[in-house]
Amino acid sequence: MKKFIYIASICIASIFCACDDYLTVESPDQLTSSNFWRNQTDAEAGLASAYSQMYLMTYSSDRWSFPEIKWPVEAYREDIVTMGNDAMNYPNWVDLGNYTYTNGNSQFNQYWDWYYQGISFANQVIEKTAEISDENINATVRSQIVAEGHFLRAWYHMQLLLNWKQIIMRDKYITNPDELSKPLADRADTWDFIINDLKEATKLPSAYDSDNTGRATCGAAYAYLGFAYLTRAYEEPDQKQTFLNAAIDALNNVKGYELVKEFRTMFDGSRKNNPESIFEIQFSMTSDNGAIYRSQFHQWMGASEIGGWDEIIPTQILMNEFMKEGEIASTGRYDTRLYETIWFQCDYFNDGNGRVWGWEYDEWFVNDNGPYNRPVFRKFLPSTADEMWQSNTAINIPLMRYANVMLMKAEAMNELGRSDEAISLINEIRDVHGDMPAMTGTDQEAVRAQIEHERMIEFPLENYRWYDLRRWGKLATAMQAAGRTNFKESEHSFYPTPLTELNANDQLK
């Protein structure tokens, strides 16, 4: 992936503009999708551009776009986070959190558009790589690149389907403007399409050399396949048992990973691509060839007191969830994940050991009236204050971790009546990540409650909470408890089809 990062910035601008194939006259000295795909190097460059849309970046994009599009869209709806002080200055963000948005909201319009651009890139990779002559590309490399194209096409479609009830299924690269208008697909058909692509991607290798770290593996394909089956099991109850068993089968094929003890190191840039990471976005401080694979994500996530922009903070609901089992960890404190995820006023962060970047909590979080209790996120912030004060960061973003695979497997097992097996998986995570004793309770309902608890405190800012609540049928209850009085399940469980798509697509008018 390292070399992919360097070449992506070159090829995005040169071959992937949506309008290139619609021109009736092409400059003979300009690369387009019709003459670019000549050899293995070109195929790898094209694949790099397909990966680049995971960063929500185009050739004209910048370091702000990744956090400022993805996190408002996916996170502000959740009951475990709320908008920080600065976020309140942006009406389109406020509308997302308050459920007062319309289909013209700029945030999810861009999210939709840019992920569809990723799908277009992936379709080019799948189709054009297959057309390269045999003498210009190694057969094994060709097969792998095409399989990665299937993975990326599935991933982009899945992100869209998690946020919209119906989406447009794009299964081919569009070269004719008449093909742009297409109706919304049936949700079950879209799941079939995603699942089939992920099955193709299971042909990928299980690992890569150091120059290609970060590329999708068969483990990533199986993990997302399990996630797809698990989600679908609740959406199609007449096939729930079948899909749950399929989820377990897929997740059982995620091999070679293990939980990481030092929880925070997975999110502060100090332990990238660790043994728990199955798939993560690769950021780099390099600016070679004009590349922008760094971001200001740390400032977006950071509170104002520590040099951040104050865009997102934890809610009391999340704090209560972390603390509800009491100080029963082997450390004598609350669940270790609390301290690794959030800085808050307590004896631990004020014990003279400088646990907040060399200082006490009360030395950072103070106003004219003295110290005050304001929990803020520590997760996804760098490991030192000096790094925090830098304009850019290159912290990687884990998209799929082994802990998620284990909890998804536990959920599927519990729903199938295999609660003892589920408990074993839950307890392993509690021990390694939380320094917590074994869970109490053994029946199916107790395990369901524990899985929700573990997922709430394991994945803040990893944007799974909304999809979990919807899968379990708990959105309305959770939003009511959070005081989100504008939420209406019939209107807000999914986003409306974006206005940009309605304006461009004749078959949706």
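A residue is taken as buried when its relative accessible area is under 20%. In this predicted model, V260 has 2% relative accessibility and therefore counts as buried. V260 sits in the loop between α9 (240-252) and β2 (277-281). Leaving aside neighbours within four places in sequence, V260 contacts T265, M266, R271, N274, P275, E276, V432 and H433. R401 is 141 residues away from V260 in sequence, yet the C-alpha atoms of V260 and R401 are 10.0 Å apart in space.

F279 has M400 of β8 as its bridge partner. Strand β8 (residues 397-401) is mostly covered, with five of its five residues buried.

F279 also belongs to the largest nonpolar core, which holds 155 residues. Along with M54, F151 and Y224, F279 touches the most other members of this core. Beyond residues up to four places away in sequence, Y224 touches F151, W155, M158, L198, F279, L399, M400 and Y464. In soluble globular proteins, nonpolar side chains tend to be buried together.

Helix α11 (residues 316-323) has the buried residues L318, M319, E321 and F322. They cover an arc of only 160° around the axis, so they lie on the same side of α11. Their cover includes two helices, α12 (336-341) and α17 (444-458). Strands β3 (312-314), β4 (342-343) and β7 (376-377) are also included in that cover.

Terms used
Residues numbered from 1 in each chain as written. Predicted model: local features only at pLDDT ≥ 70, side-chain atom pairs only at ≥ 80, totals over all residues. Heavy atoms only, no water. Core = buried A, V, L, I, M, F, W, Y, C linked by side-chain atoms within 4.5 Å. Buried < 20%, exposed > 50% of the residue type's maximum accessible area, 1.4 Å probe, protein only. Contact = heavy atoms within 4.5 Å. Helix = DSSP H or I, 4+ residues; strand = E, 2+ residues; numbered from the N terminus. Arc of directions from axis to C-beta. Pairing = 2+ DSSP bridges.
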